[in-house]
Amino acid sequence: MRWGILGAARIAASALIPALRANRSDIVAVACRDAARGAAFAATHHIPEAVDYDALIARDDIDVIYNALPNHAHLPWTLTALQHGKHVLCEKPLALSAGEVEQMRDASRASGRLVLEAFMYRFHPQFDRLCELVASGALGPLKWMRGSFTYALRDMTDCRWDPALGGGALYDLGCYPLSLMRSLAGVEPVVLSVASRLTEPGLYGGSVDHAAHAVLRFDTAAGPVLGHFDAAFSLPWHCQFELLCEHGLLRLPIPFATKGVETVLQVGEQTERFAICDPYATMVGHFEAAVRGECALRFGLDESLGQARAMDALLAGAHATDALNTSHERPPSAIIAP
Ligand SMILES: NC(=O)c1ccc[n+]([C@@H]2O[C@H](COP(=O)([O-])OP(=O)(O)OC[C@H]3O[C@@H](n4cnc5c(N)ncnc54)[C@H](OP(=O)(O)O)[C@@H]3O)[C@@H](O)[C@H]2O)c1
């Protein structure tokens, strides 16, 4: 399969290019806004050509575009790629709203080309095992889920601080526990509350949520399940996920950033171990198989639409409140939440 990489992004360098190499995929070209930077990126990663965005998408020797752009650019460039007959593996969050995902779904159907939201954590075996355990009721009915994904983002030029580029902690990090909770509950959530902390509006001409805590209810056939999670890039690193079932605890100490590390799943008193693997490579392999028509996409755009609808509700809550009811804060030192 012949790939074009849209954006000389860090995630392309650190995760997707190695995943494509692992699948023996053909990386035809990378696109960059800056010709010199693009050429340097291509040389570093042994990619034959560096071109601009339009030129990459117009090429007829490319089958799949990997969209590694900031969140605000997922919709326009994914639509352009679909219009040019390309399949698209697009970074998470797939879009900025449910309305944008609907546009992608319409364009995907019209073009007959696939789009996959690149939630790589779903391609690690521990995800399947956790889903299987919850569905089997091994520890009794699911009651409670809690997740956390926080870290300290010191680089104030990062696109995550800029509302115009789709910045914010819910888009960047909250999307992971939300996605996992939706997968495990099997129904869409009701957002009960969101407490957030917002950046000073003057920083980038608008605010982003740099920290948020959300409480969700999932009305499953077996009864209501409560989910709550933290997402922040203004706090120290903390990432974990656990579920309380009627008869015990299920816990993933490394729920999302699973590439290249041994992981474990705690099942009550037992511990299950998972060997080192590369979920990005498994994701690429699955997408290529789906593009070749060998299997259906495991996670289609209807799934992404459910995710985006929940995210819309979370963002509405996050921007309606500031948890501490204080003035907006100045980064970087003052943003470390107490
Ligand atoms: N799945 C994962 O594990 C994972 C991990 C990290 C990030 N992500 C996602 O991947 C995407 C990129 O994240 P990243 O951390 O790799 O970001 P990044 O290093 O800043 O790369 C983003 C790229 O977007 C391009 N770009 C286009 N317009 C831009 C603008 N106005 N401002 C800044 N960059 C612009 C730039 O490419 P050129 O300058 O080369 O044109 C830049 O290289 C995001 O959607 C993020 O949520 C996913």
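View 1. In the side chain of H74, an N or O atom lies 3.1 Å from an oxygen atom of the ligand. The model is predicted: local features need pLDDT of at least 70 and side-chain atom pairs 80 or more, while totals for chains, interfaces and linings use all residues. Numbering starts at 1 along each chain as its sequence is written, and side-chain values use heavy atoms, leaving out hydrogens and water.

View 2. At A8, look at the backbone rather than the side chain. One of its N or O atoms is 2.8 Å from an oxygen atom of the ligand. On its own, the ligand has 900 Å² of accessible area, and the protein covers 84% of it (Shrake-Rupley method, 1.4 Å probe).

**View 3. The shell around the ligand.** The ligand is surrounded by 23 residues (each with a heavy atom within 4 Å). R10, R37, Y53, N71 and Y280 are the closest. The shell holds 13 nonpolar residues, seven charged ones and three polar ones (Tyr counts as nonpolar, Arg as charged, Gly as polar).

**View 4. Where the shell comes from.** Helix α1 (10–22) gives the shell at least two residues, and so does α7 (169–185) (DSSP runs: helices H or I, at least four residues; strands E, at least two). Domain 1 (2–117) and domain 2 (121–335) each supply at least three residues (bounds from an automatic or database assignment).

**View 5. A cis bond at P93.** Find the loop between β5 (87–90) and α5 (98–111); P93 lies there. The peptide bond from K92 to P93 is cis. Its omega is near -15 degrees. Most peptide bonds are trans.

**View 6. A positive phi at R24.** R24 lies in the loop between α1 and β2 (26–31). Its phi is near 55 degrees, a positive value in a residue that is not glycine. Most residues other than glycine have a negative phi.

Notes: A polar contact is a pair of N or O atoms within 3.5 Å; within protein, one must be able to donate a hydrogen and the other to accept it, and residues adjacent in sequence count only if both atoms are side-chain atoms.
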